[in-house]
Amino acid sequence: MTDSLTKDKDLLAAHVVYDYLQDHPEFFQQYPQLLASLRLPHQQRGSVSLVERQLELQREKIQALEDDITRLMSVARQNEQIFLAFNQLQAQLHRATSLQDAETSLQQFTAAMPYVHECRLLRFSDEQSRSPFQLLLSRRLNQHGIYLGRLNKEEQQGLFAPHIHSVALILVSSQQQPLALLAFGSEQDDHFQPSMDKLFISHLASILAQLLPGYDAA
């Protein structure tokens, strides 16, 4: 019973101190000698002063901010690289006079993309040409026409070799009629993810939907 009362008193005292310091942030300015004498437990160094601990926390925050800036700069460089390569791809696709020219341009675009290792453009001329990929089309592309992520072995068969671990699939359609399947593959498990932005590949699907019939007629 006594131990329980002691713990309750200690807890109450801690709350009182906490509330007081919250309401009087200038307290340690008035008593700087107390601030210098306070010690905090530290896993590596036993105990350190409150000032040392505050400085350490500030250094950790600065390091975290520097890491975030480095990461954002890396992402910005990659986005710039993708943007420039995509602009070049658009121009090449509009200049192409055949399906082979378009495929060559897509391969060059793939080579310029970080962590993208394979690209396939599968042209659908009729129901029979779509048949080998019907499972993939119905399971992954039935709703939105775009899929980013991983495939199982059955879905990937006939599309990419086993060393490809994540994919971007784009169904190219015109007036609800499937024209082609454009597929990019990465050897990294998480390079293509469902949460990724789909702006570029959606625009690419629109461009190909306009140009593919012209390639066939050439």
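Visitor: Which residues have the most contacts inside the largest nonpolar core?
Guide: L93, L182, F184, L204 and L212, in a core of 31 residues. A nonpolar core is a set of buried Ala, Val, Leu, Ile, Met, Phe, Trp, Tyr and Cys residues joined through side-chain atoms within 4.5 Å. Buried means under 20% relative accessible area, exposed over 50%, and partly exposed in between (1.4 Å probe, protein chains only). This is a predicted model, where local features need pLDDT of at least 70 and side-chain atom pairs count only at pLDDT 80 or more, while totals for chains, interfaces and linings use all residues. Residues are numbered from 1 along each chain as its sequence is written, and side-chain values use heavy atoms, with hydrogens and water left out.

Visitor: Which element gives the most to this core?
Guide: Helix α9 does, with 9 residues. At least two residues each also come from α4, α5, β3 (118-123), β4 (146-149), β5 and β6 (177-186). Helices (H or I, at least four residues) and strands (E, at least two) are DSSP runs, numbered from the N terminus.

Visitor: And what is L93 in contact with?
Guide: Leaving aside neighbours within four places in sequence, L93 is in contact with A102, S105, L204, I207, L208, L211 and Y215. Contact here means heavy atoms within 4.5 Å.

Visitor: How many residues are in the second core?
Guide: The second, separate core has 16 residues, including L136, Y147, L159 and I164. In general, nonpolar side chains tend to be buried together in soluble globular proteins.

Visitor: New topic. How many salt bridges are there?
Guide: The count is 4. A salt bridge is a side-chain nitrogen of Lys or Arg within 4 Å of a carboxyl oxygen of Asp or Glu.

Visitor: What does E155 form a salt bridge with?
Guide: One partner is R140, with the closest N and O atoms 3.0 Å apart. E155 lies in helix α8 and R140 in helix α7, so this pair ties together parts that are 15 residues apart in sequence. E155 also meets R139 in a salt bridge, at 3.2 Å from N to O. R139 lies in helix α7 (residues 134-140) and E155 in helix α8 (residues 153-156), so that pair joins parts 16 residues apart in sequence.

Visitor: Is E155 buried or exposed?
Guide: E155 is buried, because its relative accessible area is 3%.

Visitor: Where does R150 lie?
Guide: R150 lies in the loop between β4 and α8, and D189 in the loop between β6 and α9, so the pair ties together parts that are 39 residues apart in sequence. R150 and D189 form a salt bridge, with the closest N and O atoms 3.9 Å apart. Both count as partly exposed, R150 at 46% and D189 at 41%.

Visitor: What about S166, buried or exposed?
Guide: S166 is buried, with a relative accessible area of 0%. The residue sits in strand β5 (residues 166-174). Among the residues that S166 touches, beyond four places away in sequence, are R150, F184 and D189.

Visitor: How many helices and strands does the chain have?
Guide: The protein chain has 9 helices and 6 strands. Of its 218 residues, 31% count as buried. Among contacts between residues at least 6 apart in sequence, 53% join residues at least 24 apart.
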